[in-house]
Amino acid sequence: MNITKKLCMIFAAIMTAATVWVFLSCGADAMENVSERRSGFFSASDDAFTITVVSGVREKTYEADGKAGELKPYTLVTVAPKEFDVDAIYTFTAKTKKGEFGGTLTVHPFAASFSAEFDSETTGAFTIEIKGGGTAREYSPTSLVTKDMISYRQAIEAAGKALKLPEGQHEVRVRMIENPIGGEGLCWHVAYYYKDGKDYGVLIDPTSAKALAVKK
């Protein structure tokens with residue numbers, strides 16, 4: 001076999017492998033059926049406030065109806081004053097790499113906190129200023145999501161292994177949340193909502209991908 005034929009065979013093999021890789025990559029849509037993906041979680045605090053900022057994308061019409069609708073970016077800012085006053089008025093200004101956002105924070109009906117949301121996904125470094133009571137404080141929230149944590153795709157995969165999900169139309173919400181079962185730090189919460197009203201959920205350890213709790 002001459003060198004020209006060898007080169008042609010090698011080139012053909014490379015192109016075949018590349019074609020298969022592209023086909024598989026395009027065929028696997030990680031956001032299929034996903035109605036919310038919250039992968040940003042930031043925090044800051046001092047002697048006046050504890051600030052939590054979560055961010056991602058979710059449905060424009062946020063309903064657990066078993067189908068994923070059109071998505072929009074969002075960032076939710078929650079401010080918990082050390083001394084809570086239900087009648088207090090606070091405003092915020094967030095400066096992110098995608099722009100500047102701000103407004104008035106709304107008091108939570110149950111928790112001792114105030115919150116506001118804006119239509120942009122916040123990633124990377126940013127600052128947030130809180131004004132109220134004649135004072136203004138600026139913060140640079142720190143991301144609690146570290147490089148050793150699994151991605152939302154891996155969290156969905158781990159949840160699928162922990163559950164025996166039935167067939168049928170459904171939507172998936174995958175959110176980074178504070179660990180609600182006694183542990184410190186964060187965990188992934190993967191929830192499945194079916195059109196017939198059934199729902200399932202799993203808490204996933206963000207580093208080991210282990211199922212911490214399962215709701216069937």
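A salt bridge is a side-chain nitrogen of Lys or Arg within 4 Å of a carboxyl oxygen of Asp or Glu. The legends below use this definition for a predicted model, in which local features need pLDDT of at least 70 and side-chain atom pairs count only at pLDDT 80 or more, while totals for chains, interfaces and linings use all residues. Residues are numbered from 1 along each chain as its sequence is written, and side-chain values use heavy atoms, with hydrogens and water left out.

**Figure 1. Salt bridge between Lys60 and Glu70.** The side chains of Lys60 and Glu70 come together at 3.2 Å, N to O. Both residues lie in the loop between strand 2 (49-59) and strand 3, so the pair ties together parts that are ten residues apart in sequence. Strands (E, at least two residues) and helices (H or I, at least four) are DSSP runs, numbered from the N terminus. Lys60 and Glu70 are exposed; the classes are buried under 20% relative accessible area, exposed over 50%, and partly exposed in between (1.4 Å probe, protein chains only).

**Figure 2. Salt bridge between Arg37 and Glu121.** The N to O distance is 2.6 Å. Arg37 belongs to strand 1 and Glu121 to the loop between strand 7 and strand 8, so this pair ties together parts that are 84 residues apart in sequence. Arg37 and Glu121 are buried. Side chains of opposite charge can pair when their charged atoms come close.

**Figure 3. Salt bridge between Asp199 and Lys215.** The closest N and O atoms are 2.5 Å apart. The pair links distant parts of the chain, with Asp199 in strand 13 and Lys215 in strand 14, 16 residues apart. Asp199 is partly exposed because its relative accessible area is 27%, and Lys215 is partly exposed at 47%. Elsewhere, salt bridges that share partners join Asp46, Asp47 and Arg137 into one network. The structure holds ten salt bridges.

**Figure 4. The largest nonpolar core, with 22 residues.** A nonpolar core is a set of buried Ala, Val, Leu, Ile, Met, Phe, Trp, Tyr and Cys residues joined through side-chain atoms within 4.5 Å. Ile156, Val174, Trp188, Val190, Tyr192 and Ile204 touch the most other members. At least two residues of this core come from each of strand 1, helix 2 (152-162), strand 11 (170-178), strand 12 (186-194) and strand 13. Leaving out residues up to four places away in sequence, Val190 touches Ala155, Ile156, Ala159, Val172, Arg173, Val174, Tyr200, Gly201, Val202 and Ile204; contact means heavy atoms within 4.5 Å. A second, separate core of 19 residues includes Ala44, Phe49, Phe118 and Phe126.

**Figure 5. Surroundings of Ser120.** Ser120 sits in the loop between strand 7 (114-118) and strand 8 (127-132). Its relative accessibility is 6%, so Ser120 counts as buried. Beyond residues up to four places away in sequence, Ser120 touches Ser55, Pro73, Tyr74, Thr75, Lys98 and Phe101.

**Figure 6. Nonpolar surface patch of Phe84, Val86 and Val107.** Together these residues have about 220 Å² of accessible area, computed by the Shrake-Rupley method with a 1.4 Å probe, where for residues only the protein chains shown count as cover. Patches are made of residues with over 30% relative accessible area and no salt bridge; like charges are joined within 9 Å, and nonpolar side chains (Val, Leu, Ile, Met, Phe, Trp, Tyr) within 5 Å. Val86 is placed in the loop between strand 3 (71-81) and strand 4 (91-96). With 49% relative accessibility, Val86 counts as partly exposed.

**Figure 7. Positive phi at Asn33 and at Ala209.** Asn33 has a phi near 70°, a positive value in a residue other than glycine. Asn33 is found in the loop between helix 1 (3-27) and strand 1 (34-45), and is partly exposed at a relative accessible area of 32%. Ala209 also has a phi near 70°. Its loop runs between strand 13 (199-204) and strand 14 (211-215), and its 29% relative accessibility makes Ala209 partly exposed.

**Figure 8. Residues 3-27 and the confidence of the model.** The chain has a mean pLDDT of 89, and 87% of its residues reach 70 or more; pLDDT is the predictor's confidence in each residue, from 0 to 100. Over residues 3-27 the pLDDT is below 50, and beyond near neighbours in sequence this stretch has two contacts in the model. Where pLDDT is low, the predicted coordinates should not be read in detail.
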